[in-house]
Amino acid sequence: ALALRVADYDDHLWLDLGDDTGELVRIGAHGWEIVDEAPVLHRRTALTAPLARPVARGDLSRLWSLLNVAQADRAVLTAFLVASLMPDIPHPILLLTGEQGSGKSTAAKIIASIVDASTVPLRKPPRDLDSWTTAAFGSHVVAVDNLSVLPDWLSDALCRAATGDGDVKRSLFTDGDLFVFQFKRVVILNGIDVGTVRDDLADRLVTVDLHRIEETDRARDDDLTQRWQDALPDILGGLLDLTTQVLEVLPTVKLERAPRMADFAHVLAAVDLIQGTDGLGRYREQAGSLASDAVACTPVLAALTEAITTPWR
């Protein structure tokens, strides 16, 4: 199958820059470089937009001047971006949280554009499985904006997109022919209430909290866009620099116990090792909170909690 934006082949990651030159970035454990041919073919869709040309010895920290991400969550978001360059592993679903006015939509747009720039960087919530499938087929990174409700079919579809599981439906204009679709995507969400998330989806979530932007710090869209465009080559270059380091140390990373998204946890542990952070601890803390919230919102378990007031067996 043709790769979409990123590919893993011959011990290297291959990132399609998406421009008219047809050039790609070859990323390995010993560095990265821009090349004009690759042993793997990429496909492009109407949603594929050109990436900025990354610069050598970039500066990923410039991202934090654009996003009001809590300090404790920066390592987690960094690992999420590194993992998004690895197409063959299950990817956690990034949930951006924060009160109204914290810039969640803008943050989702910026984060999605680093690795997979799109002509439509933010998607409206899908109305059914067909519209979700159409949106997810066209981009490696799918950012869904202002998702106020999370029906069961969409929760299931998000879980499948995170891990690469397939689904089957009847082909159009036929009685018995089946259409099998399977894809693994990097998904970004904002707008949903964490308390309404089912436990199977909660296991696949990684949350990043955004601080409210003070009125004195708010920027015009044109100004923010210009700052973003100016910083993007540095940010992408810094991300590629870090990814090469992660690829180098990843085979040595061993975890005594791994969460549901074990591949991501290993990437996060590698980022911690390189940067001296504790993103894995933060991720485990968030996962515990999400699991508790998911259980608390299950009607049967909530009723049992209220009814059972003494020890029993």
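This is a predicted model: local features need pLDDT of at least 70, side-chain atom pairs count only at pLDDT 80 or more; totals for chains, interfaces and linings use all residues.
Contact here means that heavy atoms lie within 4.5 Å.

**Helix α1 against α7**

By that criterion, A75, V76, T78, A79, F80, V82 and A83 in α1 meet F264, V267, L268, V271, D272 and Q275 in α7. Sorted by class, the contact of α1 with α7 comprises ten nonpolar, two polar and one charged residues. The two partners are helix α1, which covers residues 74–83, and helix α7, which covers residues 262–275; their axes come within 9 Å and cross at roughly 120°. Angles of 65 to 115 degrees count as roughly perpendicular and those over 145 as roughly antiparallel, and α1 and α7 are therefore oblique to each other. The crossing of these two helices, α1 and α7, is right-handed.

| Helix pair | Angle between axes | Distance between axes |
|---|---|---|
| α1 and α7 | roughly 120° | within 9 Å |
| α1 and α6 | about 80° | 10 Å |
| α1 and α2 | about 40° | 9 Å |

With α6, the packing angle of about 80° makes α1 roughly perpendicular to its partner. On the α1 side T78, L81 and V82 take part, and they meet L239, L242, T243 and V246 in α6; the residues of this contact divide into five nonpolar, two polar and no charged.

With helix α2, residues 104–115, the angle is about 40°, which makes α1 oblique to α2, and α1 passes α2 in a right-handed crossing. Here L77, F80 and L81 in α1 meet I111, I114 and V115 in α2, and the contact of α1 with α2 has six nonpolar residues, with no polar and no charged ones.

**The course of α6**

Helix α6 runs over residues 221–249 and has 29 residues, reaching 39 Å from its first C-alpha to its last, which is close to the 42 Å expected at 1.5 Å a residue. Along its course α6 bends by about 45° at A231, and a proline, P233, follows within four residues of that position.

Methods. Residues are numbered from 1 along each chain as its sequence is written. Side-chain values use heavy atoms; hydrogens and water are left out. The expected span of a helix is 1.5 Å times one less than its number of residues. The bend at a residue is the angle between axes fitted to the seven residues ending there and the seven starting there. Axes are lines fitted to C-alpha atoms, for helices over the stretch in contact, and angles run from 0 to 180 degrees between N-to-C directions. Angles under 35 degrees count as roughly parallel, over 145 as roughly antiparallel, 65 to 115 as roughly perpendicular and the rest as oblique. A crossing is left-handed if the near helix is turned anticlockwise from the far one by less than a right angle, and right-handed if clockwise. Ala, Val, Leu, Ile, Met, Phe, Trp, Tyr, Cys and Pro count as nonpolar, Asp, Glu, Lys and Arg as charged, and the others, Gly among them, as polar.
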